[in-house]
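Please look through the model below before reading my points.

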Amino acid sequence: MPNILIVDDHPMICFGMGAMAESIADDVTLFFANSFQKAIDQHCRQQMDLIILDLGLPGGLGVEMIRRFKAVQPDINILICTSRDELFNAPIYIQSGAKGFLHKYSTEAETKNAIKTVLEGKKYVSQAVHKLMVSNLVNNEPLPVDPIRALSPRERQVLALLLKGKWLKEIAQELNVAVPTVGTQKAKIFQKLNVTNMVELSRKMDAYYENDKLDLV
């Protein structure tokens with residue numbers, strides 16, 4: 001009797017996912033949440049066998065959502081179901097702890113296979129993503145990773161303030177440090193994220209996180 005939590009703010013998506021989940025497993029109990037906070041609240045009340053998670057939902061926190069679900073239930077199976085670029089995002093979320101990554105435009109057969117596979121505790125990615133990951137492994141090329149992982153806690157604080165449009169002096173005052181110290185941290189952020197200016201930094205953050213609320217501090 002698996003418990004499945006579907007986290008999406010589009011009712012028709014929830015309905016369709018629920019129907020497919022019920023078609024592949026017996027006595028499924030479905031739970032729904034249309035925001036990340038509601039999903040966490042529901043998960044704290046009830047242990048789940050599978051969470052089907054959209055990324056572009058209200059209160060979304062990117063890969064931080066995976067970590068927070070696992071803080072509630074370390075062995076939780078999470079299937080990402082999103083319209084975002086899977087070749088770009090799937091490796092990041094799989095490395096962050098999701099069991100599967102499914103594009104919303106996948107066929108019904110692919111969707112059912114993804115749900116069944118992840119519900120069984122196995123990993124699922126599309127053939128295209130699998131080919132990319134194998135190719136990178138064979139050619140000793142790094143997979144995309146969450147860029148925030150490379151930053152120290154202080155650098156995350158500085159990044160958050162930079163993205164709010166604050167000047168170095170304002171950041172220094174807020175963090176109670178010297179302006180040159182903030183300048184050094186900004187330079188390290190640019191180096192680690194492979195950008196040279198604020199425009200590139202903003203674009204990179206948008207590319208990885210879109211409209212997610214970044215939990216950097």
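**Notes on the model**

1. The chain has ten helices and five strands; these are DSSP runs, H or I over at least four residues for helices and E over at least two for strands, numbered from the N terminus. The model is predicted, so local features need pLDDT of at least 70 and side-chain atom pairs count only at pLDDT 80 or more, while totals for chains, interfaces and linings use all residues. Residues are numbered from 1 along each chain as its sequence is written, and side-chain values use heavy atoms, with hydrogens and water left out.

2. Of the 217 residues in the chain, 44% are buried. Buried means under 20% relative accessible area, exposed over 50%, and partly exposed in between (1.4 Å probe, protein chains only).

3. Take the contacts in the chain between residues at least 6 apart in sequence: 65% of them join residues at least 24 apart. Contact means heavy atoms within 4.5 Å.

4. Which residues of helix α8 (residues 168-175) are buried? They are I171, A172 and L175. Seen down the axis of α8, these fall within an arc of 100°, so they line one face of the helix; the arc is that of the directions from the helix axis to the C-beta atoms. An α-helix has 3.6 residues a turn, so residues three or four places apart point the same way.

5. On the other side of α8, K169 and Q173 are exposed. The cover over the buried residues of α8 includes α7 (153-163) and α9 (179-193). Just after α8, N176 has a positive phi of about 60°.

6. Helix α1 (residues 11-24) and helix α5 (residues 108-119) have axes that come within 10 Å and cross at roughly 65°. Axes are lines fitted to C-alpha atoms, for helices over the stretch in contact, and angles run from 0 to 180 degrees between N-to-C directions. In this pair, M17, M20, A21, S23 and I24 of α1 meet E108, T111, K112, I115 and K116 of α5.

7. Where is Q73 found? Q73 is in the loop between α3 (64-72) and β4 (78-82). Because its relative accessibility is 6%, Q73 counts as buried. Leaving out residues up to four places away in sequence, Q73 touches H43, Q47 and M48. A polar atom of the Q73 side chain lies 2.7 Å from the backbone oxygen of M48.

Definitions and conventions. A polar contact is a pair of N or O atoms within 3.5 Å; within protein, one must be able to donate a hydrogen and the other to accept it, and residues adjacent in sequence count only if both atoms are side-chain atoms.
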